[in-house]
Amino acid sequence: MPAVPREFRTSTHELPPRSRRLFGKWWRRQSPARQDRFATLGPLVSVLLFLAAIISAFWYLRSEELEREQESVKRDTEVTQQQIRLRLIENQEQLVRIAREITTRAVDQDEFLGQATTFARERPEVVSLTWLAVNRTPAASYLSPSHTFNGSRYSDAPAASVTPAPAGGVTKSEPEWAFEAARDLRQPVYSRTYTGGNGQHVFQVQVPLIDRSAFAGTVVAEYSVEALLRYFVPTEVANRHGMTLLDANDRVLASTTSRGMLKNADRPSIFHNIPVAPVGNGLILRGLGYRTSIGLISNTLFWMVAALSALTIWMLFGTWRHMRRRLQVQSALVAETNFRRAMENSMLTGMRAMDLEGRITYVNAAYCSMTGFSEAELIGKLPPFPHWPPDRMEENRRLFEQELQGRSPAGGIEVKVMRKDRTTFDARMYVSPLIDAKGNQTGWMTSMTNITEAKRIRDQLSASHERFTTVLEGLEAAVSVLSVEQSELLFANRSYRLWFGADARGHALLAGERDTGLPPSPPDGDDSVDNLGGLPTQELTEAGSDPREVYAESLDKWFDVRARYLQWTDGRLAQMLIATDITARRRAEEQAAQQAEKAQVTSRLVTMGEMASSVAHELNQPLAAISNYCNGTISRVKAGSIETPDLLAVLEKTSKQAQRAGQIIHRIRAFVKRSEPQRQPSQARDIVEDAVELAMIELRRRNVAIHTYVAQRLPALMVDPILIEQVLLNLLKNAADAIDNAKLPPSRRNIELRVIPRHTPEEGGVIEFSVTDSGPGLKEEVLGRMYEAFFSTKSDGLGIGLSLCRSIVESHRGRIRAENLYNGHSVVGCRFSFTLPVETSPSANH
């Protein structure tokens with residue numbers, strides 16, 4: 001039966017065989033013209049509508065059948081072409097083999113005839129097989145007895161088909177053209193079809209004979225076009241459709257149908273052309289298809305068919321709807337199945353299904369990849385499974401029994417799994433029951449995840465956390481973390497707990513309310529206010545804080561506190577404090593300050609001790625004058641020779657000498673008096689005058705002159721004047737010692753003291769004090785060590801003078817330096833200078 005549309009196959013298949021035959025016969029007799037005529041018959045509208053429905057249905061069936069017929073013709077034509085092509089290629093390979101044996105002298109003419117006989121006997125489509133020499137003369141030829149020949153195949157008689165020659169040339173036959181093409185191309189060449197000596201349509205294939213790269217002739221096989229079609233069109237194809245071989249001029253060379261059928265009214269209406277490969281050269285295979293018969297109504301059977309058609313249409317319509325719904329459901333089911341399978345195959349989690357007896361019924365690709373066993377090696381297995389480690393059989397069996405009883409923990413179980421290569425890994429398995437559509441349990445589904453890496457990372461994190469906690473617990477500093485929002489102590493190490501306990505008040509004591517910079521937390525239960533909204537959390541966590549020192553009165557300890565904001569593990573904003581106990585350092589600093597103060601007082605006392613003879617000489621002059629004045633006054637009073645005005649004059653002179661002695665004692669007492677360091681706005685000129693007045697006592701004794709220059713309108717200095725006076729006095733005294741020890745003449749026994757303002761890029765605005773002497777200067781090794789404590793170039797020196805001077809100057813944020821003065825290569829003196837920063841606040845100028 002011809003192809004029936006897909007929509008009607010199911011319903012017709014349900015009919016009895018005779019009904020199906022009647023349906024097919026009736027279907028083949030319909031045509032569009034007959035259906036058009038049916039549309040004009042019948043006086044009743046109902047009949048017209050009914051017939052219109054029948055015509056429409058059969059027109060649709062005819063269109064579908066025509067399309068299927070076209071596809072069938074195309075398919076059968078391609079099958080036939082493939083049969084012919086394979087046969088020709090097989091024959092060509094045999095001919096190439098024969099040609100190779102000829103060129104290698106493996107066969108002679110007799111053996112060639114034997115092979116040709118065998119070749120032609122097995123291939124009825126071959127008309128002849130000929131060995132042509134290089135001059136196109138036959139060396140040997142075999143003619144198939146199944147074909148009738150008239151005359152020589154290679155006579156000079158003109159062939160039925162010739163190839164036009166160029167202008168002025170000679171017309172060549174198809175065999176000649178094929179021979180020359182094979183000679184030129186050095187490969188098998190197929191000729192166009194031509195009429196042979198017996199009137200048959202034939203074509204040749206000429207295989208060149210190549211002997212040591214030289215053309216030696218061809219092996220020619222001549223095919224019958226009619227035999228190719230007769231022997232190589234499959235019977236089932238010939239029963240369905242006609243096959244015709246055409247030349248380039250669309251002339252029929254051979255056909256499986258009679259020529260009368262091609263000329264009568266039943267000419268085929270469906271064609272499909274395809275070239276015959278590897279022949280080419282215009283040989284075309286055409287498949288022929290026929291439309292169904294055009295008769296529609298010939299007897300009363302039409303009405304039976306019409307009634308059956310109506311019933312069939314109704315049934316087909318219902319079946320079509322049912323099939324469409326079924327196909328939709330099936331497509332959705334296939335899509336869902338493919339989706340689920342793709343999802344299962346893409347998962348990294350292994351899936352295993354078991355029945356109620358514990359037999360494995362399903363494993364996914366991830367499960368096989370984890371264990372290394374294939375699906376065939378696992379499905380159907382009962383415990384013990386191949387991936388159970390031998391040393392954990394009892395444990396795995398116990399866990400498996402627990403799994404079958406449905407008592408597996410919801411959090412899963414950790415197991416060891418052995419791969420096929422005997423290596424093991426850690427896995428976590430989760431078990432859940434398999435429930436079918438009726439609600440009955442059919443087995444168990446197990447999901448397995450490889451947790452080897454996760455477990456390793458977890459162990460490393462745990463060990464790291466333990467080490468970190470151990471380090472924090474071992475710190476001598478107190479470390480605490482406080483939640484900013486809830487004021488909850490999140491972490492405290494051992495030192496914090498030892499000092500402050502587990503209370504957050506210790507954190508608040510160390511941080512101070514003014515350092516938090518955050519609003520107080522709202523009362524509990526008030527969720528309408530977000531007191532941390534808008535806070536720049538990232539900036540807070542990235543910003544650091546300056547260290548500060550806090551005194552804990554309850555512990556009598558000083559702490560160096562460093563604070564930082566961070567985000568806790570749960571995302572909350574927290575403040576971390578690190579408080580280091582600096583009580584010992586503070587006490588050491590206090591002791592060092594006390595020792596420095598004592599050293600300063602000691603230095604001043606030492607200076608006064610060294611100047612004791614000069615001070616005694618300085619005090620001796622006013623005291624001697626007072627004694628002389630008193631003795632003279634007593635003598636004159638006893639003699640009664642002094643008048644009251646003279647007595648008053650003597651007493652005034654005596655008072656002045658006493659005041660002079662008192663000023664010397666006052667200066668010395670103020671210089672050596674022990675008092676707390678006190679910085680205050682001071683004028684450089686006042687400091688210089690006090691220092692020079694004390695230094696003059698020693699300078700006069702050593703016969704050293706001093707020249708002082710203080711610049712005008714100098715700004716005030718925020719210094720301790722007594723300490724700066726001590727530095728100047730020490731430098732002046734050292735300069736006088738250097739001049740006196742060098743035994744310089746009176747013209748060079750002088751010191752210059754200068755006070756001037758300066759501005760440097762490093763220090764900014766400063767006031768420079770410089771003391772310049774004309775002594776022998778300092779040696780290079782002395783310049784490098786003169787500020788070291790207890791280093792002195794004097795035999796009776798203590799070595800604390802310059803060291804103390806440096807400490808005093810640097811405590812005032814100044815600098816002290818020393819340098820030799822040169823005249824050419826000779827040292828002509830030494831200069832000590834120190835700078836003090838200028839007070840930036842407005843002050844009175846001198």
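I started with Glu174, which lies in helix α6, residues 174–185. I take helices as DSSP runs of H or I with at least four residues, and strands as runs of E with at least two, numbered from the N terminus. This is a predicted model, where local features need pLDDT of at least 70, side-chain atom pairs count only at pLDDT 80 or more, and totals for chains, interfaces and linings use all residues. Residues are numbered from 1 along each chain as its sequence is written, and side-chain values use heavy atoms, with hydrogens and water left out.

Is Glu174 buried or exposed? Glu174 counts as buried because its relative accessibility is 0%; the cut-offs are under 20% relative accessible area for buried, over 50% for exposed and partly exposed in between, with a 1.4 Å probe and protein chains only.

I then looked for a partner and found that the Glu174 side chain makes a polar contact with the side chain of Arg192 at 3.4 Å. Such a contact is a pair of N or O atoms within 3.5 Å; within protein, one must be able to donate a hydrogen and the other to accept it, and residues adjacent in sequence count only if both atoms are side-chain atoms.

Arg192 also has its charged end over the ring of Trp177, 5.6 Å from the ring centre. For this I need NZ of Lys or CZ of Arg within 6 Å of the ring centre and within 35 degrees of the ring normal.

Most residues other than glycine have a negative phi, and most peptide bonds are trans. I noted Arg105, with a positive phi of about 60°, in the loop between α4 (45–103) and α5 (109–122). Arg105 is exposed, at a relative accessible area of 56%.

Ser487 has a positive phi of about 55° and sits in the loop between β18 (478–483) and β19 (489–492). Ser487 is partly exposed, at 45%.

I also found a cis peptide bond joining Pro383 and Pro384, with omega about 0°. Pro384 is in the loop between α12 (375–378) and α13 (393–404).

**Aromatic rings**

How many aromatic pairs does the structure hold? I have twelve. One of them is Tyr496 with Phe500, tilted, at 5.1 Å centre to centre and 40° between the planes. Rings of Phe, Tyr and Trp (its six-membered ring) pair if their centres lie within 6.5 Å; planes under 30 degrees apart are stacked, over 60 edge-to-face and the rest tilted.

Tyr496 and Phe500 are both in helix α15 (residues 494–500), four residues apart, about one turn, and both are buried. Ring pairs link Tyr496, Trp499, Phe500 and Phe559 into a cluster.
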